[in-house]
Amino acid sequence: MKLQRKNRLRALSLGAVAVSGALALTACGSDDTGGGSGDESAPAANSAIKCDDAKGELLAAGSSAQKNAVDAWVKQYTASCKNVRINYNPNGSGAGITNFLQGQTAFAGSDSPLDAEEITKSATVCKDSQAIDLPMVGGPIAVSYNLPGVDDLVLDAPTLAKIFDDKIKTWNDEAIKKLNPDAKLPSTKIQTFHRSDDSGTTDNFTKYLKAAAAANWKYEGGKAWQAKGGQSASGSSGLAQQVTQTAGAISYMELSYAKEAQTVHVKTGAATPVEATVDNATKAIAEAKVVGEGNDLALELNYEPTAEGAYPITLVTYEIACEKGNKAETLAATKSFLTYLASEEGQAILKDASYAPMPEEIITKVRTTVAGLS
């Protein structure tokens, strides 16, 4: 926990400037977010989106995992609600939560739910209330690799744990050979990459290793990377870039960032190794349980599914907002935008962007909770 807090404070020292500056770079009207009147590619207004009294600028920050989903959502939403500017800074889950807890943003995106300490701190910005977790985006964490000539690579949790803990150093190691008897594995050095910033993706990836390879992964886990060895990069986009540029590289990232490289098929308790796909992730997320209290919808994921086709390394991204005590000037826009995200239309566009919609039982609870924000 001390390491996580230290890294979060370090992210804040850089992120405070980013919230005032970098957020503006993603304003509506850009190629990423769309919605500006001069954007010829902007979609037509969606009659299902209810703008109500929403207006002004909505600042948010956090999870880089959901950036591509947010881009798609903002383009659709701002085509209908032209009086709202939405600026989302994908500076990582840890930095995004810090920004929110300091009152700099209307909501945060995080790939891990708030911990007890963060919930307590949220009372400072959520007057007479607290922040709550709203699960909005799901998907697989792909293990992406760069090994020319080796397709459909199979790895299991113990082998992944040893690779990312610098215990397995070359691609022709006996443990990898055993899982891939027909592959021509080179003696290339394994180059592992992990997140340099506090990341919910890291948290979920290491939760998988801890759950499925407890004997080989002895670290506490959390948003900050703790294992020895390897190289680091900022954000999921940074990891994706390193993998595509580095022979022998391997890293973890959301599927939407892994399109330029191969992805590992993960051996589970099922008969066949499982590919990282949206549908396979959905099969695993459907087994999640709501463990938050009251209107907090924090989920407990199952990292060891045995069902055929259930991909075990998944994450859920939460939008974190005040249950009550939201700032009056941003409440209408916050509710309007989050209502669209949780709507049937908002969830429907996720799959095309390589994300998994929330199971119906969960998203129904999200819709009810968002409607009650005040």
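1. A disulfide here is a pair of cysteine sulfur atoms within 2.5 Å. By that test the structure holds two disulfides. Counting the bonded cysteines of the protein chain in sequence order, they pair as 1-2, 3-4.

2. A word on the ground rules. This is a predicted model, in which local features need pLDDT of at least 70 and side-chain atom pairs count only at pLDDT 80 or more, while totals for chains, interfaces and linings use all residues. Residues are numbered from 1 along each chain as its sequence is written, and side-chain values use heavy atoms, with hydrogens and water left out.

3. Now the overall picture. The protein chain has 12 helices and 13 strands; these are DSSP runs numbered from the N terminus, with helices being H or I of at least four residues and strands E of at least two. Of its 374 residues, 56% are buried. Buried means under 20% relative accessible area, exposed means over 50%, and partly exposed lies in between, using a 1.4 Å probe and protein chains only. Contact means heavy atoms within 4.5 Å. Among contacts between residues at least 6 apart in sequence, 77% join residues at least 24 apart.

4. The disulfide between Cys51 and Cys81 has an S to S distance of 2.0 Å. Its torsion about the S-S bond is about -95°, so the link is left-handed. Cys51 lies in the loop between helix H1 (2–21) and strand S1 (56–62), and Cys81 in the loop between helix H2 (67–80) and strand S2 (84–89), so the pair ties together parts that are 30 residues apart in sequence. Cys81 is buried, with a relative accessible area of 2%.

5. Lys82 is found in the loop between H2 and S2 and counts as exposed at 60% relative accessibility. Its C-alpha is 8.1 Å from that of Lys55, 27 residues apart along the chain. Ser47 is in the loop between H1 and S1 and is exposed as well, with a relative accessible area of 66%. Ser47 and Ser80 are 33 residues apart in sequence, and their C-alpha atoms are 7.6 Å apart.

6. The disulfide between Cys126 and Cys322 also has an S to S distance of 2.0 Å. With -75° about the S-S bond, the link of Cys126 and Cys322 is left-handed. Cys126 lies in the loop between helix H4 (116–121) and S4, and Cys322 in strand S13, so this pair ties together parts that are 196 residues apart in sequence. Both Cys126 and Cys322 are buried.

7. What space is left inside? The structure holds three cavities of 30 Å³ or more. On a 1 Å grid over the protein atoms alone, a cavity is a set of points where a 1.4 Å probe fits but cannot get out, and lining residues have an atom within 4 Å of a point. Grid points are joined across faces, edges and corners, and a volume is the space filled by probe spheres set on the points.

8. The largest cavity has a volume of about 90 Å³. Its lining includes Cys322, Phe100 and Gly103. The second largest cavity holds about 50 Å³, and its lining includes Val137, Gly138, Gly139 and Pro140.

9. Which residues of helix H3 are buried? Nine of the nine residues of H3 (residues 93–101) are buried, so this helix is largely enclosed by the rest of the structure; among them are Ser93, Ile97 and Phe100. H3 is followed by Gly103, whose phi is positive, near 75°.

10. Last, the core. A nonpolar core is a set of buried Ala, Val, Leu, Ile, Met, Phe, Trp, Tyr and Cys residues joined through side-chain atoms within 4.5 Å. The largest has 100 residues, and those with the most contacts inside it are Trp73, Met136 and Ile250. S4 gives the most to this core, with nine residues. Leaving aside neighbours within four places in sequence, Met136 is in contact with residues including Trp73, Thr317, Leu338 and Val366.

Key:
1 Å grid on protein atoms, 1.4 Å probe; cavity = no way out; pocket = protein on both sides within 12 Å on 5 of 7 lines; lining within 4 Å.
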